[in-house]
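Have your viewer open and your selection tool ready. We will take this one stop at a time.

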Amino acid sequence: MPPADILLTATGIIKNFGGLTALNGVSISVRRGEIFGLIGPNGAGKTTLFNVLTGIYAADAGELVFDGRPVDGSKPHLVAQHGIARTFQNIRLFGGMTALENVMVGRHVRTHTGVLGAVLRTRGAAIEERAITQRARELLDYCGLAARAGSLARDLPYGDQRRLEIARALATDPRLLALDEPAAGMNATETATLRKLLERILGDGITLLLIEHDMKLVMGLSHRVAVLDYGEKIAEGEPAAVQRDAKVITAYLGGALV
Amino acid sequence: MSASAPWRRVAWVVIALLLLAAPFLIEILFGRTWVRITDVALLFIMLALGLNIVVGFAGLLDLGYIAFFAVGAYCYALLASPQLGMHWPFLVLLPLGAMVAAVFGILLGAPTLRLRGDYLAIVTLGFGEIIRVLLNNLNRPVNITNGPQGITLIDPLQIGGFSLAQTHSFAGLTFTALHNYYFVFLACAVLSIIISRRLEDSRIGRAWVAIREDELAAASMGINTRNMKLLAFAMGATFGGVAGGLFASFQGFISPESFHLIDSIMVLCMVVLGGMGNVAGVVLGAVLLTVLPEALRYIGPLQQRWFGEVFIDPSDLRMLLFGLALVLMMLFRPSGIWPARRRKAEENHAAG
């Protein structure tokens, strides 16, 4: 495969917590413009891998290459600057800020106003501030949250909170959007809306990395999936092939059935 | 918006006129002591607004904030008194004090970056005490701070040939030192309010609030949390440093006694009681908590008048009632008298 097609490569990622090996030499590569699903039973290491990819944990070994450049995976804000944005499994919005402000925070990494600009309200700062507000509104609208702009994030219904996290992540202008169980706790209607949103994001040229337990969603959406079990990748490929994989079936249903 | 704009303008003009007339009105109504208390209240507004940046915006519980007030005060006192024989102009000293305090803010903030909540509070409390103890003991072997005796004969503010410590007459009004300082402090307090509000409404302020709400999520959104926290410490310390310099010149005398833990806690109370994170609330908190303990001094004379004798020593009763007031406010208004409400300003801004 020509390297230009690959957006993110993780090679031989190892992460230990004390005596527990959460990730034992996991490698994945995500192609530009695809939805890459990451599945596996609870405790398989999916979120740990996410946290390594987004700089929240430093890997004990292994390397990350994003868009042809090695990523120093120990600083979340640098990862965001590189163009990887994420959402969290247990929603982590800025609860006391409005929906609009949450998205405006996402623009931080692409804007520059400093203390002096802010205090003196320079022309540049004012123009930038207007651009931040406008972009944040567009993104709220994009995610179907335009009517919620003024609500505090913590007061939003659950499904809206999930989509607000996506809007906030999109505000950082990511090339890769990593979603940790975006459909968790959603009802069928909300999941359908989410699915449309994800397809739209993909259509706008953003690559998606998706952890999801909703098999119908992840198998239906993903171009390729990788399956983790006990910190190791046991399968990778197109959804249909992975679903038939004996190891995957064993991991999910237990050995006795095979 | 267009309908309320003229009224708003009128309201601002009235407020501005009241503020300008305040020292004279207060002197006539309550006496000179209260002009002095008003001056001190203005200083505390600056202090509380500075601490509000650290505690209210960025959510970093700092119990040693008074240290920056001390640094600013000593910076001014040492360079404008007979202590070291130096008499630098205040136009140099105030920015210098702000800068030195900011450097201290970063120095004391840096080791605490990984701490939060109670742990941060304990460490900052320790730092605050270290500064005070240091000032107390820097009189041996070389006498720098004059130790517990403090520094006396600190130069008053002087603008050109106009000394704020002297009485001046202008347009039929007599401006005593207390009046002169009032106007300087008022200008500084108003400036502090403007700076606070503008920071709050900016990319920087949002980053601080984001860190307060969820540091990990903030970092994942690309905010350099280390730098932003250090910036909060430095900005907060700057306010404290300027207020310290003004305090030194106003009092003419400072000693480590003025910078105790209780003073840190007092400023924190202003922020928390007023409404953490809300500039207007913090200003209100600063004014109330400066005025309230002073007003409670009148408990003694009141007892005398009502009962013919003083049953309880006013100084005991004063702190008792003050404590009671704090407890009641926390019970009935746990998020402050005037709590921060994340504004819908942007909303209205775009819609209107």
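Is Leu18(B) buried or exposed? Select Leu18(B): this residue is exposed, with a relative accessible area of 51%, where buried means under 20%, exposed over 50% and partly exposed in between (1.4 Å probe, protein chains only).

A word on the ground rules: this is a predicted model, in which local features need pLDDT of at least 70, side-chain atom pairs count only at pLDDT 80 or more, and totals for chains, interfaces and linings use all residues. Residues are numbered from 1 along each chain as its sequence is written, chains are lettered from A and ligands numbered from 1 in the order in which they are written, and side-chain values use heavy atoms, leaving out hydrogens and water.

Next, colour residues 5-30 of chain B, helix α1, where Leu18(B) lies. Helices (H or I, at least four residues) and strands (E, at least two) are DSSP runs, numbered from the N terminus.

Now move to chain A, which has 10 helices and 10 strands. Its radius of gyration, 19 Å, is close to the 18 Å that the globule rule gives for 258 residues, so chain A is as compact as a globular protein of that length; the radius is taken over C-alpha atoms, and the rule is 2.2 Å times the number of residues to the power 0.38. Buried residues make up 54% of chain A.

Select β1(A), residues 6-17, and β2(A), residues 20-31: they pair in the antiparallel sense over 9 bridges (pairing takes at least two DSSP bridges between two strands). Ile6(A) has Arg31(A) as its bridge partner in β2(A). Zoom in on the hairpin turn, where Gly18(A) has a positive phi of about 60°.
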